[in-house]
Amino acid sequence: MQEEIFGPVLTVYVYPDSEAEEMLEVVNSTSVYGLTGAVFSNDRYFILKAMSVLRHSAGNFYINDKSTGSVVGQQPFGGSRGSGTNDKAGAVSYLQKWVSPMSVKEATAPCTEWSYPSVDQ
């Protein structure tokens, strides 16, 4: 559970229910990779705990849903940690990676005062 494998691979690790919260810490600290993660539970407390502990463990995090990747055009997708820079392709913020924003201020009235009060002291 330390490698990032791309392919039809399923890793299963069985543990006692009593160790569920401990396993969250194991998942969070086992690997430098963090592309996708998922939690399946009917216990809302556990889901909230998992979301808190695993906050930085994956670029995409699924709750009670398949973790086979996002739906293009509906959900941004991008990895965390060693699985990428956590940029989210498909998100509005992703556009800024490919452009060079410029701020423009235009005065529509003549400038009659050019000094700054902070400079006058």
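Analyst: Begin with contact, which means heavy atoms within 4.5 Å. This is a predicted model. Take Leu24 as the case. Leaving aside neighbours within four places in sequence, Leu24 is in contact with Phe46, Lys49, Ala50, Val53 and Leu54.

User: What is the order of elements from the N terminus on?

Analyst: The elements run α-β-β-α-β-β. That comes to two helices and four strands.

User: How do I describe two packed helices?

Analyst: Use the angle between their axes and the distance between the axes. Here the pair is H1, residues 20-30, and H2, residues 44-53. Their axes come within 10 Å and cross at roughly 25 degrees. Angles under 35 degrees count as roughly parallel, so H1 is roughly parallel to H2. The crossing of H1 past H2 is right-handed.

User: Which residues of H1 and H2 meet?

Analyst: H1 brings Ala20, Glu21, Leu24, Glu25 and Asn28. H2 brings Tyr45, Phe46, Lys49, Ala50 and Val53. By class, the residues of this contact divide into six nonpolar, one polar and three charged.

User: What share of the chain is buried?

Analyst: Buried residues make up 20% of the 121 residues.

User: Now a loop residue. Where is Asn64 found?

Analyst: Asn64 sits in the loop between strand S3 (60-63) and strand S4 (80-81).

User: Is Asn64 buried, partly exposed or exposed?

Analyst: Check relative accessibility against the cut-offs: buried is under 20%, exposed is over 50%. Asn64 has 40%, so Asn64 counts as partly exposed.

User: What does Asn64 touch?

Analyst: Not counting residues up to four places away in sequence, Asn64 touches Val39, Phe40, Ser41 and Ile47. For a C-alpha distance, take Asn64 and Asn42: they are 22 residues apart along the chain, and their C-alpha atoms are separated by 8.5 Å.

User: What is phi of Asn64?

Analyst: Phi is near 55 degrees, a positive value in a residue other than glycine.

Definitions and conventions: Residues are numbered from 1 along each chain as its sequence is written. This is a predicted model: local features need pLDDT of at least 70, side-chain atom pairs count only at pLDDT 80 or more; totals for chains, interfaces and linings use all residues. Side-chain values use heavy atoms; hydrogens and water are left out. Axes are lines fitted to C-alpha atoms, for helices over the stretch in contact, and angles run from 0 to 180 degrees between N-to-C directions. Angles under 35 degrees count as roughly parallel, over 145 as roughly antiparallel, 65 to 115 as roughly perpendicular and the rest as oblique. A crossing is left-handed if the near helix is turned anticlockwise from the far one by less than a right angle, and right-handed if clockwise. Ala, Val, Leu, Ile, Met, Phe, Trp, Tyr, Cys and Pro count as nonpolar, Asp, Glu, Lys and Arg as charged, and the others, Gly among them, as polar. Buried means under 20% relative accessible area, exposed over 50%, partly exposed in between (1.4 Å probe, protein chains only).
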